[in-house]
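Q: Could you take a close look at one part of this model, the helix that carries the salt bridge, and explain what surrounds the residues there?

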Amino acid sequence: MTQSKCTVRRLLFGEKSLNVEYLFNFIKMHKSYLEFGFEVEDLLFKGLTIKSGVGMVGLCISVAVFTFMYETIKTLRQKLVSSFGKTSRDFHYMNESHSERSMLVEIKESQQKWNRIRVHTIHAFLYMIQVTMGYFLMLIIMSYNAWLAITVFTAAGFSYYFYSTFVLYRPTVVPIEILSPEEYDQ
């Protein structure tokens, strides 16, 4: 190798030159496929290692509960935003209906301002928790264990269905293409 190439290599990679064999071994070590195994090493934290079927069942139950808690945080944030929007609109309507500003309206405005700050603070705190939990779920999926991935997907689906049906009272949306012509005419 020429002198100039060695100098460029030292500038880019430091005194130690890049070992191509090490790079290929590193790429081989990183798996990019799901495995149906009962061994998980250092999941989320160092030392959280599972090496048995019973341990994997316990870990899957824990991950399902964690996923359900994640969906709970998401639902709480949605309920908080929708409930605050209703109270804010009601107050705005009350303000427009009165032409004179009385002491009562000023007290309500001040109370509304502090209520909005309080709700926004709670919303921001719930958002921080949701993002953290979302990254933890991503890291659980990135363990490439098929049992854990299936657990996260099914728990997320069941908890979404539960919250959308029983807590948020969202109607089931069916695309119009699925309906038969008789149902469409009604």
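A: A residue is called buried when its relative accessible area is under 20%, exposed when that area is over 50%, and partly exposed in between, using a 1.4 Å probe and protein chains only. This is a predicted model, in which local features need pLDDT of at least 70 and side-chain atom pairs count only at pLDDT 80 or more, while totals for chains, interfaces and linings use all residues. Residues are numbered from 1 along each chain as its sequence is written, and side-chain values use heavy atoms, with hydrogens and water left out.

With that in place, Glu71 is buried, at a relative accessible area of 8%, whereas Lys74 counts as partly exposed at 25%. Glu71 and Lys74 form a salt bridge, their closest N and O atoms being 3.6 Å apart; the term stands for a side-chain nitrogen of Lys or Arg within 4 Å of a carboxyl oxygen of Asp or Glu. By this rule the count comes to 1 salt bridge. Both residues belong to helix 3 (residues 53-97), and because they are 3 residues apart there, about one helical turn separates them. Helices here are DSSP runs of H or I with at least four residues, strands are runs of E with at least two, and both are numbered from the N terminus.

Gln130, found in helix 4 (residues 103-141), counts as buried at 11% relative accessibility. Leaving aside neighbours within four places in sequence, Gln130 is in contact, meaning heavy atoms within 4.5 Å, with Tyr70, Ile73, Lys74 and Arg77. The side chains of Gln130 and Arg77 are joined by a polar contact of 2.4 Å. Such a contact is a pair of N or O atoms within 3.5 Å; within protein, one atom must be able to donate a hydrogen and the other to accept it, and residues adjacent in sequence count only if both atoms are side-chain atoms.

Thr75, also placed in helix 3, is buried at 6% relative accessibility. Setting aside neighbours within four places in sequence, Thr75 is in contact with Tyr163, Val167 and Leu168. Thr75 and Ser164 lie 89 residues apart in sequence, yet their C-alpha atoms are 8.4 Å apart in space.

The unreviewed UniProt entry places the feature "transmembrane region" at residues 48-70, 122-141 and 147-169; UniProt positions follow the numbering used here, feature names are shortened, and annotations may be inferred rather than shown by experiment. Over residues 147-169 the chain is 91% helix and 0% strand, with its end C-alpha atoms 31 Å apart.
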